[in-house]
Amino acid sequence: MKKTLFAMALLLLAALPATAQTAFVHPWQGKRVAYFGDSVTDPRNKAANKKYWAWLQDWLGITPYVYGVRGRQWNDIPRQTAQLLKEHGDTVDAILIFCGTNDYNNGVPLGQWWDEHVAKVEYGHGTAKQMVTRRQRTPSMDPTTYRGRINIALDSLKRTYPTKQIVLLTPLHRSNFFANEKNWQCDESYTNQCGEYIDAYVQATLEAAHVWAVPVIDWNATSGLFPLMKQHGQYFNRPDNGAEGTDLLHPNNQGHQRLAHTLMQQLLALPCTF
């Protein structure tokens, strides 16, 4: 009986007229995307000769506008915004920001999202409006703190590009980076100079989604890159302490390809243009 029903279903399908099938198109296919950040994004960084944004260029035909510079922190994002505006105006479709690991390494205090004060405001609900006293918060614009720097950057960026998609990427896990005697960075199992672990900077980046209404892709959790394990050294520039030093901070080509695979899938959930 089951075989008979199956055969009948096949005959019915065969009798249906041929219809055009719509091919799936990634929402970021062929778009123009700006990439802000630090050395992992910087095209001049030699840890990989094909960065994550170049993989996306190959797979999705994205035109990349790349502004990441090695060593830069969140306080450089307004400069990168201004450079994008100068060079490409309003022609960009979306902006991705991958930053924060250097803020952690340089011991930038986390700070707070809000400055709060007492203010008078008109209010009426069921009665005539009147002046009442309320607590009021405004974004902290302290350039010496991590949250303050994100506030400054996103305030500038959302004013400059109010119609564009802006996406934040959390810092990656990080292990030893021993370049020379003046650039010797220990792994994330240690606190930085202000007593914070990298986790706190990842968490603050995630919090920015609710402060500024921007999506955040948690690369720290989803990328799979975990340089604290010897087995994951294959994804990084120099896993062994050779003559050129150890670099378990910057992904190599294989690491960037894995980042790009993750990012491509995560971006499926987000519109690029509106």
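For the class counts below, Ala, Val, Leu, Ile, Met, Phe, Trp, Tyr, Cys and Pro are nonpolar; Asp, Glu, Lys and Arg are charged; the others, Gly among them, are polar. The model is predicted.

**Exercise 1.** Describe the largest pocket and its lining by class.

Step 1. The space in the largest pocket is about 500 Å³.
Step 2. The lining has 27 residues, and Ser39, Asn45, Phe177, Asp247 and His250 are the closest to the pocket centre.
Step 3. Elements that give two or more residues to the lining include helix H4 (101-105) and strand S11 (245-251).
Step 4. Sort the lining by class: 9 nonpolar, 12 polar and 6 charged residues.

**Exercise 2.** How are H2 and H8 oriented to each other?

Step 1. Take helix H2 (residues 52-60) and helix H8 (residues 253-266): the angle is about 55 degrees, and the axes are 8 Å apart.
Step 2. Angles from 65 to 115 degrees would count as roughly perpendicular, and those under 35 as roughly parallel.
Step 3. H2 and H8 are therefore oblique to each other.
Step 4. Their crossing is right-handed.
Step 5. Find the contact: Trp55 and Trp59 are among the H2 residues, and His256 and Met264 are among those of H8.
Step 6. This contact has 9 nonpolar, 4 polar and no charged residues.

**Exercise 3.** Which orientation do H5 and H6 have to each other?

Step 1. Helix H5 (residues 146-160) and helix H6 (residues 198-212) pack at about 40 degrees, with axes 11 Å apart.
Step 2. H5 and H6 are therefore oblique to each other.
Step 3. The crossing of H5 with H6 is right-handed.
Step 4. Contact residues include Arg147 and Asp155 of H5, and Glu207 and Trp212 of H6.
Step 5. By class, the contact has 8 nonpolar, 2 polar and 4 charged residues.

Methods: Residues are numbered from 1 along each chain as its sequence is written. This is a predicted model: local features need pLDDT of at least 70, side-chain atom pairs count only at pLDDT 80 or more; totals for chains, interfaces and linings use all residues. Side-chain values use heavy atoms; hydrogens and water are left out. On a 1 Å grid over the protein atoms alone, a cavity is a set of points where a 1.4 Å probe fits but cannot get out, and a pocket is an open set with protein on both sides within 12 Å along at least five of seven lines; lining residues have an atom within 4 Å of a point. Grid points are joined across faces, edges and corners, and a volume is the space filled by probe spheres set on the points. Helices (H or I, at least four residues) and strands (E, at least two) are DSSP runs, numbered from the N terminus. Axes are lines fitted to C-alpha atoms, for helices over the stretch in contact, and angles run from 0 to 180 degrees between N-to-C directions. Angles under 35 degrees count as roughly parallel, over 145 as roughly antiparallel, 65 to 115 as roughly perpendicular and the rest as oblique. A crossing is left-handed if the near helix is turned anticlockwise from the far one by less than a right angle, and right-handed if clockwise. Contact means heavy atoms within 4.5 Å.
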